[in-house]
Amino acid sequence: MDRPKWGPGFWCLNTSLLGSDAFVKAFTGFYGSVRTLQSIFTSVVEWWEAPKSHFATFCRRYVVAACQWDRAGVAKWTASLAHLHGCFNRAEPVDWAIYEGAEERLRGLLEARAMALAFQARLRELEEGERSTAYFFKASRACRGASAIARWRRADGTLAEGPAMLAVAESYYAEVFRRWACDPAAEAYLLDCISARLGGEEAWSTEADVTLEEGPSGEGALSASMQKGPLVLLYKGGDRTELGNWRPLTLLTTDWKVLAKVATTRLRRVMSGLVSQDQTCGVLGRSCSWNLILLQDVLDWVEECKLSAFDLVQHGFLFAVLDRMCFGPRFTGWVRTLYAGAYSCVQVNGFLGRAVEQAGGVRQGCPLSPLLYVLFMEPFAGLVHRDPGVNGVRLPGAVGEVLKIQQYADDTTLFVSSVWSLSCIRSEHG
C-alpha cells in the first residue's frame, strides 16, 4: 500500500528563534506597533485575538527571510572554501586563518539547518555528536513518513483509509468528550465522602489577583484560538488500526498554558491538605515510587500470610467537588473559563478534522489536568475507606491502619483480603 499523503498540518513557533537577539528585537518592535491598536477594540480578549494571526505571519516571514539569508551565507562560504582549495591545489599561498574561519561559519550554518529540519520533522533530540550528514537529512525527512497512520478500524469493523479516517476519529472523540449524565443521588453520596476543606487563608491564596510574575489575568472568557486545540495522536502499542491504542495529546496555545500554569501553581500549594495519602500524583513531597515500594511490600506480606491479592471527568461533578472543598468562585471560575467552549480538532497525517466539543474529560497536555483529575477521584478514595464491606490488608507495624487503596492519577490499586470485598467494590463502586 502507498504511504499516506501528508497534509499541511498547523503552524507552531520554532522556539529556537527566541534565542536570537535579532528576532527578539524585531518582534519587540512589531509588538509595540500592534499594542497601540488596543484602544479600538471593545475588550482585551477581542484585541488579543486580532493580532495573533499577524504574529504568526510575522514569524513566518522572518523565518523565510532568515532562510534566504542562510542560503546566501552557505553559498558564500562554500564558494570561499572552494576558492581557497583551488589556491592550495595551484600551490598558491593560502591564509589558513581565513580558511578555518570560513569552515567554521559554514559548519555553523549547516548545523543550524539541521536543527531546523529536526524541529520540522518532530525529532525529539539529536543524537550526541550527530553531524549534519546526508544520512541525517534523509532520516529527518523519513521521520514524518514513519509517523503516518495507514488506516483505522470503524465501529462496524471495516477499515477506513485516507480522508475517511478523519470522520472515524471525529466520531470516536465526539463520544469520548461528550457530556455524561450524572445520577444526582450518586453524586450527592460521593460528595458526602469528601471530608477535607480549604481553610480561609488557603482559599484566599487561590483567589488573589494574578501578579505580573504569574502572568496576565483573564476576563472570564477565552479567545477563539485559545478554545481550539489540535489533537495529535501518539501510538501506545498494540493494534495500530484501533483508535484506543493512540493516546490523544492536545497542543494548546501558549497563552492558554500561561493561565493554566497560574492555576496549577496555586492549586499545588493546597493539594496536600485536600488529597488523602493514598494519592501520590500532583502532591508536593509525594512520589509515585511510594506506590511501587508499597505494592511490593504488600505482595510479599500477602504471600507470606497466604492471603489473596487483587488488582472519565464529568465537568458538573468536578465543579461540585471544587465547591465542596471550599474553593472560591474566582478560582472555580478560572477552571470553568478554561473549558467553556473548548474544542479539539483531531490531526490525522497532517490533516485537521472538524471541531469536537470538549464537553467531558480534561485535556491531556494541560499542566492543570492531572491535579483536576486527582481532585475528581478523591471522593472515590473516601468512599472505599468508609465502606465497611471493603476489608483491606492490615500490615505489620501500621498501628492498626488498614490499607485499602493506592492511587497515582488514573492508576488505582485496591487491596482487599476477601472475595466478598471485591464483590462489594464491583456492585457498589463499579
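Predicted model: local features only at pLDDT ≥ 70, side-chain atom pairs only at ≥ 80, totals over all residues.
Student: How many residues does helix H9 have, and what is its reach from first C-alpha to last?

Tutor: Helix H9 covers residues 254-274, which is 21 residues. The reach is 29 Å, close to the 30 Å expected at 1.5 Å a residue.

Student: Where does H9 bend?

Tutor: The bend is at Arg268, and it amounts to about 40°.

Student: Which residues of H9 are buried, and what do they pack against?

Tutor: The buried residues include Trp256, Val262, Leu267, Met271 and Leu274. Asp255 and Arg266 are also among them. The buried residues of H9 pack against helices H2 (44-89), H7 (200-207), H8 (224-227), H12 (329-339) and H13 (369-386).

Student: Thr332 is in helix H12. Is Thr332 buried or exposed?

Tutor: Buried means under 20% relative accessible area. Thr332 has 9% relative accessibility, so it counts as buried.

Student: What does Thr332 touch, and which backbone oxygen does its side chain reach?

Tutor: Leaving out residues up to four places away in sequence, Thr332 touches Phe319, Leu322 and Phe327. Its side chain reaches the backbone oxygen of Gly328 at 3.1 Å.

Student: What is a disulfide, and how many does a search of the whole structure find?

Tutor: A disulfide is a covalent bond between the sulfur atoms of two cysteines. The search of the whole structure finds zero.

Definitions and conventions: Residues numbered from 1 in each chain as written. Heavy atoms only, no water. Helix = DSSP H or I, 4+ residues; strand = E, 2+ residues; numbered from the N terminus. Expected span 1.5 Å × (residues − 1). Bend = angle between axes of the 7 residues up to and from the residue. Buried < 20%, exposed > 50% of the residue type's maximum accessible area, 1.4 Å probe, protein only. Contact = heavy atoms within 4.5 Å. Polar contact = N/O pair within 3.5 Å; in protein donor to acceptor, adjacent residues only side chain to side chain. Disulfide = S-S within 2.5 Å.
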